[in-house]
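Student: I have a protein structure to go through before class. Can you walk me through it?

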Amino acid sequence: MSLKSTIILIICIFFIAGCVGSHRGYEARISQPVASQVPVPAAYPLSTQNKMQAMHHWRLLAEDVACRISEFLDISVFERHHPIYVSPAGTTPFEKAFYDLLITKLVERGAQVSRHSREAMVLSFDLQMVRHSRGRTVRTQSGVYQSLAPGMYVQRQSPETTTLEGLRQAELHVARSQINVDSGIYTHHLPNIEVMVTTSLTRNDNYMIRDSSIYYINDADWSNYKQNVMYQDPSVVNYRLVDQ
């Protein structure tokens, strides 16, 4: 064997040994357990939720409800012969407008809409509003808490990630995602108030259709959805002086 071949062979041996050692070190770092006295919060995958800020958005919701009812009547031979009575819900701007929009959209789709509930299917809707506290985003020093525990990744390995290159690509992907988090790409000012609008189509006290849709709303718009509800910061306390 020539000197050149011997040198190349030695280099290859050192390279393979280094790769094996690096691969084992990577596995040890990934699989090393982290102790915790209580479960730590884990983030959900990135998702979106619509925000209602205009009457146009109320109309879109009414149109979606009317579309679902129309599709239900198309396949329900018996129910299609019964009219629909839309039950009024309240006097807030949303409740009054949504009531009118439901009737309009149902009529536009050719549904029989009655002024009386006798022998009719009843379409009703209910609204629930929830106010969250501020600072709902859980943070660490490096940004939004994304992993199961500090320095750990989920160990769901596919055949592609069992190789050294696959593991390096997985680590690179996590690192790039963390850069996006630290730069604020996924961090937005979240409204404190959400509303859930539940619509129900019933006949003889049996549910035919039921849907619950959840939306963000502007915090200043809460009075469009609820009456006689005064929100204030829990840290603010009001006192009144009374003469003895």
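Tutor: Here is a short tour, from the sheet to the loops.

Tutor: This is a predicted model: local features need pLDDT of at least 70, side-chain atom pairs count only at pLDDT 80 or more, and totals for chains, interfaces and linings use all residues. Residues are numbered from 1 along each chain as its sequence is written, and side-chain values use heavy atoms, with hydrogens and water left out.

Student: Okay, the sheet. What's the strand order?

Tutor: The order is β1-β8-β7-β4-β2-β3, in an open sheet of 6 strands. The pairing is mixed. Two strands pair if DSSP finds at least two bridges between them. Helices (H or I, at least four residues) and strands (E, at least two) are DSSP runs, numbered from the N terminus.

Student: Which are the edge strands?

Tutor: β1 (51–52) and β3 (113–114). Each pairs on one side only.

Student: And how many bridges join β2 to β3?

Tutor: There are 2 bridges, and the two strands run parallel. Strand β2 covers residues 84–86. Ile 84 stands opposite Val 113 in β3.

Student: Which strands does helix α2 touch?

Tutor: Helix α2 (residues 55–75) packs on the sheet and touches β1, β2, β4 (121–131), β7 (193–203) and β8 (206–217). Contact means heavy atoms within 4.5 Å. The direction of α2 makes about 160° with that of β8. Axes are lines fitted to C-alpha atoms, for helices over the stretch in contact, and angles run from 0 to 180 degrees between N-to-C directions.

Student: What about helix α3?

Tutor: Helix α3 (residues 93–108) packs on the sheet too, touching β1, β2, β3, β4 and β7. The direction of α3 makes about 145° with that of β4.

Student: New topic. Which residues touch the most other members of the largest nonpolar core?

Tutor: Ile 69, Ile 84 and Tyr 225, out of 32 residues in that core. A nonpolar core is a set of buried Ala, Val, Leu, Ile, Met, Phe, Trp, Tyr and Cys residues joined through side-chain atoms within 4.5 Å. Buried means under 20% relative accessible area, exposed over 50%, partly exposed in between (1.4 Å probe, protein chains only).

Student: Which elements give two or more residues to the core?

Tutor: α2, β2, α3, β4, β7 and β8. Helix α2 gives the most, with 8 residues. As a general point, nonpolar side chains tend to be buried together in soluble globular proteins.

Student: Back to Tyr 225. What does Tyr 225 touch?

Tutor: Leaving out residues up to four places away in sequence, Tyr 225 touches Met 52, Trp 58, Thr 92, Phe 94, Leu 127, Met 129, Val 195 and Ile 217.

Student: Why is the pair of Phe 94 and Phe 98 stacked?

Tutor: Because their planes are at 15°, with the ring centres 5.1 Å apart. Phe 94 and Phe 98 are 4 residues apart in helix α3, about one helical turn. Phe 98 is buried, as is Phe 94.

Student: Which residues form the aromatic cluster?

Tutor: Trp 58, Phe 94, Phe 98, Phe 125 and Tyr 225 form one cluster.

Student: Now charges. How many salt bridges are there?

Tutor: A search of the whole structure finds 2. A salt bridge is a side-chain nitrogen of Lys or Arg within 4 Å of a carboxyl oxygen of Asp or Glu. One joins Arg 68 and Asp 211, at 3.2 Å from N to O. Arg 68 is in helix α2 and Asp 211 in strand β8, 143 residues apart.

Student: And what does Lys 105 pair with?

Tutor: Lys 105 forms a salt bridge with Glu 108, with the closest N and O atoms 3.4 Å apart. Both lie in helix α3, 3 residues apart, about one turn of the helix.

Student: Last one. Where is Glu 119?

Tutor: Glu 119 sits in the loop between β3 and β4. Glu 119 has a positive phi of about 55° although it is not a glycine. Glu 119 counts as exposed, at 68% relative accessibility.

How values were computed:
Rings of Phe, Tyr and Trp (its six-membered ring) pair if their centres lie within 6.5 Å; planes under 30 degrees apart count as stacked, over 60 as edge-to-face and the rest as tilted.
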